[in-house]
Amino acid sequence: MPETLGIDYKRRNAKPRALTDSERARLEEFIDAIHYSSRYNDDEYEYRHVQLPKAMLKVIPAEYHDKSKGTLKLLWEDEWRAMGITQSLGWEHYEVHEPEPHILLFKRPLNYQAPNQ
């Protein structure tokens, strides 16, 4: 897969890993406590961070975790949406704030326009 937006795709699962119904049910209680930052930008990208409740990390499936870093892997859109993160189109999970692994960093091109359907 070609690298886009400067994302290291080797830090993701090889393909999106769907949640089971029971996994999704365990995450459900945390969804209302997810915090979304305001958007901020540089000359190229728009950014935001998403703060998960710390207890939520304990119920996220092991396959979503990068044991070598002690953080979540970079998540595919299907994965983060299944966990209850809701954002408009175009956002890519590009980094995890290692000192605080419950904070996920997202970016998309500045002035992103969704493709016509």
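Predicted model: local features only at pLDDT ≥ 70, side-chain atom pairs only at ≥ 80, totals over all residues.
## Nonpolar core

The largest nonpolar core has 26 residues. Leu52, Met56, Ile60, Leu72, Met83, Ile85 and Leu104 are those with the most contacts inside it. Two or more residues of this core come from each of strand E3 (45–51), helix H2 (54–57), helix H3 (77–82) and strand E7. E3 gives the most, with three residues.

Leaving out residues up to four places away in sequence, Met83 touches Leu19, Leu27, Ile31, Ile34, Leu52, Met56, Ile60, Tyr64 and Leu75. Among these partners, Leu52, Met56 and Ile60 are also listed with the most contacts inside the core.

## Aromatic pairs and charges over rings

The model has five aromatic pairs. One of them joins Trp80 and Phe106 in an edge-to-face arrangement, with 5.1 Å centre to centre and 75 degrees between the planes. This pair links distant parts of the chain, as Trp80 is in helix H3 and Phe106 is in strand E7, 26 residues apart. Trp80 counts as buried because its relative accessibility is 1%. Phe106, at 0% relative accessibility, also counts as buried.

Elsewhere, ring pairs link Tyr40, Tyr45, Tyr47 and Tyr94 into a cluster. Tyr94 also has a charge over its ring: the charged end of Lys107 sits 4.9 Å from the ring centre. Arg48 lies over the face of Trp91, at 5.7 Å from the ring centre.

Thr71 lies in strand E5, which spans residues 71–72. Its relative accessibility is 2%, so Thr71 counts as buried. Not counting residues up to four places away in sequence, Thr71 touches His65, Asp66, Val96, Glu98 and Pro101.

## The segment after strand E7

Strand E7 covers residues 103–109, and Leu110 is found in the segment after it. Leu110 counts as partly exposed because its relative accessibility is 30%, a value between the 20% limit for buried and the 50% limit for exposed. Apart from neighbours within four places in sequence, Leu110 is in contact with Asn41, Asp42, Asp43, Glu44, Tyr45 and Glu46. Leu110 and Ala82 are 28 residues apart in sequence, and their C-alpha atoms are 25 Å apart in space.

Asn111 is also found in the segment after E7. At 64% relative accessibility, Asn111 counts as exposed. Asn111 has a positive phi of about 60 degrees, although it is not a glycine. Most residues other than glycine have a negative phi.

Key:
Residues numbered from 1 in each chain as written. Heavy atoms only, no water. Helix = DSSP H or I, 4+ residues; strand = E, 2+ residues; numbered from the N terminus. Buried < 20%, exposed > 50% of the residue type's maximum accessible area, 1.4 Å probe, protein only. Contact = heavy atoms within 4.5 Å. Core = buried A, V, L, I, M, F, W, Y, C linked by side-chain atoms within 4.5 Å. Phe/Tyr/Trp six-rings, centres within 6.5 Å; stacked < 30°, edge-to-face > 60°. Lys NZ or Arg CZ within 6 Å of the ring centre and 35° of its normal.
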